[in-house]
Amino acid sequence: MKPTLHKVVLITGATAGIGKATAKQFAKNGYDLIITGRRADRLEKLKKSLEDKYAIDVLTLTFDVRKKKEVKTALSSLKGNWKKVDILINNAGLAAGLEEFHESNLSDWETMIDTNVKGLLYMSRHISDLMVKRGKGHIINICSTAGHEVYPKGHVYCATKHAVSAITQGMRQDLFDKKIKVSQVSPGAVEETEFSMVRFKGDAEKAAIYDDYVPLNSKDVAKVIFFVASQPKHVMIHDIVMTGRQQATATLFDKSGREA
Ligand code: NDP
Ligand code: 8X3
């Protein structure tokens, strides 16, 4: 890494969707990036395109956030300026399945809890410790409207996002007096992501949920994450709940067709 005055942002789940759009948004604004995910080829491709386009450095770390040891090994490998993470964006996450409670798949539940809750905790425990030692930092968790409401067949996904919301509050209460900001962004439905394909395990027909309304897109969310990160030193945003105009609650949509 070249000597730099750039701030460093670490984004989990940057191989697709909101995380990838967020990486582009911060790169455009001159941040050095640590981008993570399980798909190394995608991380390398994104690194190359962002370094070619902007005068920034990008470090890729390939690991599974569910695996405590992998997280520890990856984060312990950070050296020099890369250790000075100014902003951690806990974005990696997923919904798996959409079935009634009694018919749900136990391993889907475990995947969601391990990724959305435990993965976020492993990341935050390590990076918050580095931030406290430096007396500065900002952790931004990607929650969801599912962290504020529960919808039919959403039981465990909603529970994980309610947990994210509780963890955000708990972290803030313990870290604010150490000069660490803790925020979350809570979007409703977001397209330009793999979210729906992942939830429905590659079933394109079931995953086609955005045909009759315009949801948020990944860039909309990335811009709001950047807004949260770029407030003056004395301002801390706790949560931004956002949806597309055609969505009022987790279950109430104006499905009259996609507006131009
Ligand atoms: P995508 O499926 O497009 O992206 C998910 C990202 O998370 C990928 O980069 C994936 O990388 C990464 N990820 C998933 N599991 C793991 C894992 N075990 N270890 C490391 N990385 C992992 O979905 P979105 O962009 O939509 O989702 C991002 C976040 O936004 C999630 O937390 C989601 O819950 C939340 N959200 C999404 C909404 C939506 O409607 N799309 C709405 C509200 C919130 P890889 O597969 O390479 O590991
Ligand atoms: C993603 C939005 O409504 O599918 O968190 O839960 S929703």
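This is a predicted model: local features need pLDDT of at least 70, side-chain atom pairs count only at pLDDT 80 or more; totals for chains, interfaces and linings use all residues.
1. Let's start with α1 and α8. Helix α1 covers residues 17-28 and helix α8 covers residues 218-229; their axes sit 8 Å apart, at an angle of about 55°. That angle makes α1 oblique to α8. As for handedness, α1 and α8 cross in the right-handed sense.

2. Which residues in α1 meet α8? On the α1 side you'll find Gly 17, Ile 18, Ala 21, Thr 22, Gln 25 and Phe 26. Across from them, α8 puts in Ser 218, Lys 219, Val 221, Ala 222, Lys 223, Ile 225, Phe 226 and Ala 229. Sorted by class, the contact of α1 with α8 comes out at 8 nonpolar, 4 polar and 2 charged residues.

3. Next pair: α3 (residues 68-76) and α4 (residues 106-134). Their axes come within 10 Å and cross at roughly 30°. Angles under 35 degrees count as roughly parallel, so α3 and α4 are roughly parallel to each other. The crossing of α3 past α4 is right-handed.

4. The α3 side of that contact is Lys 68, Val 71, Leu 75 and Ser 76, while α4 brings Tyr 122, Met 123, His 126 and Ile 127.

5. On to open space. The second largest pocket holds about 450 Å³. Its lining runs to 19 residues, and those nearest the centre are Lys 136, Gly 137, Lys 179, Lys 181 and Lys 233.

6. How many cavities of 30 Å³ or more does a search of the whole structure find? The search turns up 2. The largest cavity has a volume of about 70 Å³, and the second largest cavity holds about 60 Å³.

7. Here is what surrounds the largest cavity. The lining consists of Thr 12, Val 65, Asn 90, Asn 91, Ala 92, Thr 115, Asn 116, Gly 119, Leu 120, Ile 142, Lys 161 and Val 164. Helices α4 and α5 (155-175) each give at least two of the lining residues, with α4 providing the largest share, 4 residues. By class, the lining of the largest cavity divides into 5 nonpolar, 6 polar and 1 charged.

8. The second largest cavity is lined by 14 residues, and Ala 96, Gly 97, Met 112, Lys 153 and His 155 are the ones nearest its centre. Helices α4 and α5 turn up here too, each supplying at least two lining residues. The class count for the second largest cavity is 6 nonpolar, 4 polar and 4 charged.

9. Helix α4 packs against α3 through residues including Tyr 122 and Met 123. Helix α4 also gives 4 residues to the lining of the largest cavity, and at least two to the lining of the second largest cavity.

Key
Residues are numbered from 1 along each chain as its sequence is written. Chains are lettered from A and ligands numbered from 1 in the order in which they are written. Side-chain values use heavy atoms; hydrogens and water are left out. Axes are lines fitted to C-alpha atoms, for helices over the stretch in contact, and angles run from 0 to 180 degrees between N-to-C directions. Angles under 35 degrees count as roughly parallel, over 145 as roughly antiparallel, 65 to 115 as roughly perpendicular and the rest as oblique. A crossing is left-handed if the near helix is turned anticlockwise from the far one by less than a right angle, and right-handed if clockwise. Contact means heavy atoms within 4.5 Å. On a 1 Å grid over the protein atoms alone, a cavity is a set of points where a 1.4 Å probe fits but cannot get out, and a pocket is an open set with protein on both sides within 12 Å along at least five of seven lines; lining residues have an atom within 4 Å of a point. Grid points are joined across faces, edges and corners, and a volume is the space filled by probe spheres set on the points. Ala, Val, Leu, Ile, Met, Phe, Trp, Tyr, Cys and Pro count as nonpolar, Asp, Glu, Lys and Arg as charged, and the others, Gly among them, as polar.
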